[in-house]
Amino acid sequence: MKIKGYKRENGAYGIRNHLAIIPASICASETAMKISYLVPGSVALPHQHGCCQVGEDYKQTLRTLIGLGKNPNVGGVLVIGLGCEQIKPNEVAEEISKTGKPVEAIVIQECGGTLGAIQQGTRLASAMSQALSQQEKVEFDVGELVLALECGGSDPTSGIASNPAVGAASDLLIERGGISILSETTELIGAEHLLAKRCVSDEVANRLIEIVNQTENRAIEMGEDLRGSQPTPGNIEGGLSTIEEKSLGCIYKAGKAPVQEILDYGELVGKNKGLYIMDTPGEDIDSITGMLAGGAQIVLFTTGRGTPTGSPIAPVIKITGNGETYRKMIDNIDINAGKIIEEGVSIQELGQEIFDEIVKVSNGKLTKAEILGHKEFGIFRIGYTF
């Protein structure tokens, strides 16, 4: 099956054509937003990180920023640094440039301050945005898509309807040579043994168990019990009783495909097609960011209670298994999987509807989150600031 998008210099394909304005640290975030405001076709990725980070925490932020710049939905990148932060803007730009896409970098301290950086950055960004506007779409196979799987604001209908339907859609993509990424390690707890049986090797299965144990142990080391935050208050009010119940519903998003590999947060997917699991938090926005850094061009987001979440660089298709939520939040929700419960539509039929929507959105249809301008963004932090 063929769809249309933008071919990148490294052979990847994007379904959107954004110019990303990436601050290397929080100190450059405001300047990045001001430049993006002045340049149509650009999106800023403001964040709170990039300075005074060490060890794995530093590496994760660096990996994530680079991965976002490399994402196929991004056609060009302007990296902005203050000049004295931990993460060096030129290092970020150099790594992103290995994809072959146009990349520029500026440093606020070397531009004479905010106004000088805005002037120089706007000039560079405007030229790149104009060039991107002239790119024409080309046909490519749907199997080039990388799908991010997310759930948030869950209720019992998530595990009954929307998550199984997303799993069916994921399987349809994988059958056509695509990739899906399952996320949210906290929502694998209590169900990890079921996913481990689907791993392609003992090594992958052991790594899966390892990331789940690490997540639990991190909370214990802080003197906390994850069951204090999972399920969330909203999940409990919606009818979910335990973290295990939530996890058993969550993993339905993974369909029936074998698990190829376990990815660190923001790690790029491998060459093997199929299902991946990424070690992300249960916080929706940070989790989505990790998968986008891993190469996902499109997001399926299930929600029982309802959420407006979008993304700066990828379309987010919102799906609910709760018909009442769909009717209440019809401006935010794209697909009503509640038809499985209310009308007797089969999971496979709804999965096909979701897959058809993936194709339409990939070909240019705007999701409701895009129409409303939702660009929520956050990077997961694993360490302390020093």
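Which side chain meets Glu 30 in a salt bridge? Lys 34 does, with N and O 2.9 Å apart. This is a predicted model.

**Overall build**

The protein has 14 helices and 14 strands. Its radius of gyration is 20 Å, close to the 21 Å that the globule rule gives for 386 residues, so the protein is as compact as a globular protein of that length. Along the principal axes, the C-alpha atoms fill a box of roughly 60 × 50 × 40 Å. Of the 386 residues, 58% count as buried. Among contacts between residues at least 6 apart in sequence, 71% join residues at least 24 apart.

**Charges and salt bridges**

There are 35 positive and 49 negative side chains. The centres of the two sets lie 5 Å apart. The salt bridges number 11. The table includes three of them.

| Pair | N to O distance |
|---|---|
| Arg 16 and Glu 370 | 2.9 Å |
| Glu 30 and Lys 34 | 2.9 Å |
| Glu 56 and Lys 59 | 3.5 Å |

Arg 16 lies in the loop between strands E2 and E3, and Glu 370 in helix H14, so the pair ties together parts that are 354 residues apart in sequence. Arg 16 is buried, at 8% relative accessible area. Glu 370 is partly exposed, at 23%.

Glu 30 and Lys 34 both lie in helix H1, about one turn apart. Glu 30 is partly exposed at 44%, and Lys 34 is partly exposed at 36%.

Glu 56 and Lys 59 are 3 residues apart in helix H2. Lys 59 is partly exposed, at 45%. Elsewhere, shared partners join Arg 207, Glu 210 and Asp 264 into one salt-bridge network.

Conventions:
Residues are numbered from 1 along each chain as its sequence is written. This is a predicted model: local features need pLDDT of at least 70, side-chain atom pairs count only at pLDDT 80 or more; totals for chains, interfaces and linings use all residues. Side-chain values use heavy atoms; hydrogens and water are left out. Helices (H or I, at least four residues) and strands (E, at least two) are DSSP runs, numbered from the N terminus. The radius of gyration is taken over C-alpha atoms; the globule rule is 2.2 Å times the number of residues to the power 0.38. Buried means under 20% relative accessible area, exposed over 50%, partly exposed in between (1.4 Å probe, protein chains only). Contact means heavy atoms within 4.5 Å. Lys and Arg count as positive and Asp and Glu as negative; His and the chain ends are not counted. The place of a charge is taken as NZ of Lys, CZ of Arg, CG of Asp or CD of Glu. A salt bridge is a side-chain nitrogen of Lys or Arg within 4 Å of a carboxyl oxygen of Asp or Glu.
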